[in-house]
Protein chains: 2
Amino acid sequence: MAHRDPFAAHPVKSRRGGPVKEPLSREAIVAAALDLLTRHGLEGMSLRRIAGALDTGAASLYAYVEDLRELQALVLDRALASVRTPRTRGHDWHRRLKLVLESYFQALFRSPGLAQLAMATIAAGPNALRIVEALLELLDEGGVEPATAAWAVDLLLLYATAIAAEQSSRRDRPDPIGPLSRAIGAVPAEQYPRIHAIRKELLSGGGRERFAWSIDVVLAGLFHGSPSDTAGGGREEARATRGKGTPR
Amino acid sequence: MAHRDPFAAHPVKSRRGGPVKEPLSREAIVAAALDLLTRHGLEGMSLRRIAGALDTGAASLYAYVEDLRELQALVLDRALASVRTPRTRGHDWHRRLKLVLESYFQALFRSPGLAQLAMATIAAGPNALRIVEALLELLDEGGVEPATAAWAVDLLLLYATAIAAEQSSRRDRPDPIGPLSRAIGAVPAEQYPRIHAIRKELLSGGGRERFAWSIDVVLAGLFHGSPSDTAGGGREEARATRGKGTPR
DNA sequence: GGCCCTTGACGAACTGCGTTCGTCGCGATA
DNA sequence: TATCGCGACGAACGCAGTTCGTCAAGGGCC
C-alpha cells in the first residue's frame, strides 16, 4: 500500500554519506533511457540496454526505479520538460494556445518512440500537469467555461499525441512505400471508389501540417455553437460547448 | 519478395485434399486470438497462448501467419467486421456519420486490448477500408470537399481510436482509484490551481459520453471554419475547411 | 585502531516472449 | 505396397522484465 509518488524527489538515500559510485542515479538512468529511446525507438529502450549504457546490470536499476512502467513515465515527463508554457498574458491567447500544443507535439514528434510511449503511459508527472494547467489557463482566457475546458484539454492533448504517434511511426519508413501506402495505393477502384479517388490526399501532408490543421478544426468546433451562434444548422452541435450533460 | 497481401484469401494450400487436422486454420487462429485479446488484454494475446488455446505449439501458427504483427492486423480487421456501415442514403447524413463512428468506437471499446492494438497497427484491412469508404461517402453527402474529407476521416478515426484506447484502459481499474485519478486528485492547489479546481470534471464522463461530445466538436469545427468570430484575429483558421493548402 | 554490521550493487537465474530450424509422420501418388 | 512431398511441431535461441542471494564497501561503536 501507500503507493509512493514516482515523481517525488526520492532523496537517493545518502548511502551513509559516501558518494554513490558516481554514474548511477535516478537522473542518470532517466537520461540514459531517454537517449536510447531517441536513438533506437521504444523497443530499443530496454532495462538491459539502459543498464548496459551505464556499465552495470539490469538489476541495479531497481534500486532507483520501481518498474519499467515507472521508468517510462519518468522518461516521458522528462521529455515533456522541453515543452514551453509561456506565462505572459496577452490578447492573442489563441496563438499562444497553438504554440503550447505545437511545442508539445514537437517534443513527442522529435524521437520516434516517445509518442508511442505517451499513448501507452498516462502522463501525470509535473511537466504534464504544468502543460495541462497552462492549457486550462489559456482556454479560460479565451472564455471557455471550465467544465468544457476540462474535456477540451483532454481532447487537444490526446489528439496531439495521437497524431505525433501516427506521423512519427510513418516517418520511419520513408524510403520505399510503407505498408499503408501500399494498401491505399493499390486499393481497387471499383470496390472503394472514393478511397481510390483521393488516395493521394489520404497520404499527403507532413506531421506538422496535418497537426496544425487538425488543431484548428478542433478549436473551431469548440467555439462554434456557443449559445448565440451564427450558423443555423447545428442544434446538436450547440451542446458541444455548453451543456454536455452535467458530469454525474 | 513481392510482399503478399496479408488479407488475401490465402487458400490454405489444399494440404493434398485431406482435412487439416480439424481445428487449425487461419480462421480458427484469428478467432482464438481475438477471444484471448477480449478476455485477457493485449498482453494476454501471445503466440504461445493462442497456440495453447488451439492445443498446439507456437511454431505451428507460422504456417498460417507471417508474423505476430500480421496476426494482430488480422485480429483487428476481424473485430472491425462488426462495425456497421449503412448503405442507405438519406437526408440525415450527419446522424448516420455519428452512428458509423459510434459503431467503430464500440467495437474498439468492447475489448480492452483492441483499441491499443488499433493505435499500434495501421489498419488497412478490408473492413477498415470499408469504414473509410463509408465515411468518405457520408462526408461527401454533407458537402465536404474531397481533399478536406481525406484528412477529416483520418482525424475522426484517429480520435475515436485514441479515446477508446484511453477510456478502455482506464476502465480496467475502476475499483479503487487509478494512478491517474490519484495524481489528479492529489494535485496541490497552490501550484496547479486550475487543475485542482476542476479535477472532478477532468475525470468525469464515461467513454461513450466523452466520445460523443468530442465527435460533435470535431464535426462542428469541420463545418464552421473560423473560430475567430468569437475570439481575436484568426486568419489562419479560415483555411481549415477550405484550402488547407493543396497537398503537395 | 580495529571489528562488525548495515546497506547498496549486481551476477545469476526464472519465466515468458517471438521466432527459427530440423525432424517426423501422415497420406496421396505411382 | 513403397515412395516421398510437405505440413506439423518439439526444441532451442536470443532477449525481455523481474527476483533473489551474495558480496563488498564503508561508517559507527567499542
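Trainee: Okay, at roughly what angle do the axes of helix α5 and helix α6 of chain A cross?
Mentor: Bearing in mind that this is a predicted model, the axes of α5 (residues 93-110) and α6 (residues 112-120) of chain A cross at roughly 115° and come within 4 Å. Angles of 65 to 115 degrees count as roughly perpendicular, and α5(A) and α6(A) are therefore described that way.
Trainee: Which residues make that contact?
Mentor: From α5(A) they are A:Leu108, A:Phe109 and A:Arg110, and from α6(A) they are A:Leu114, A:Ala115 and A:Ala118. Sorted by class, the contact has five nonpolar residues, one charged and no polar.
Trainee: Staying with α5(A), which of its residues are buried?
Mentor: Among them are A:Leu108 and A:Phe109, along with A:Leu97, A:Val100, A:Leu101, A:Tyr104 and A:Phe105, and the buried set also includes A:His94, A:Arg96 and A:Lys98.
Trainee: And how far apart are the end C-alpha atoms of α5(A)?
Mentor: They are 25 Å apart, which agrees with the 26 Å that its 18 residues should span at 1.5 Å a residue.
Trainee: Switching to chain B, how do the axes of α1 and α4 cross there?
Mentor: Helix α1 (residues 26-44) and helix α4 (residues 68-80) of chain B have axes that cross at roughly 80° and come within 9 Å, which makes α1(B) roughly perpendicular to α4(B).
Trainee: What residues are involved in that contact?
Mentor: B:Val30, B:Ala33, B:Leu34 and B:Leu37 belong to α1(B), while α4(B) brings B:Leu71, B:Leu74, B:Val75, B:Arg78 and B:Ala79. By class, eight are nonpolar, one is charged and none is polar.

Notes
Residues numbered from 1 in each chain as written. Chains lettered and ligands numbered in written order. Predicted model: local features only at pLDDT ≥ 70, side-chain atom pairs only at ≥ 80, totals over all residues. Axes fitted to C-alpha atoms, helices over the stretch in contact; angles between N-to-C directions. Helix = DSSP H or I, 4+ residues; strand = E, 2+ residues; numbered from the N terminus. Parallel < 35°, antiparallel > 145°, perpendicular 65-115°, else oblique. Contact = placed C-beta atoms within 7 Å. Nonpolar A, V, L, I, M, F, W, Y, C, P; charged D, E, K, R; others polar. Expected span 1.5 Å × (residues − 1). Buried ≥ 20, exposed ≤ 12 C-beta atoms within 10 Å, placed from the backbone.
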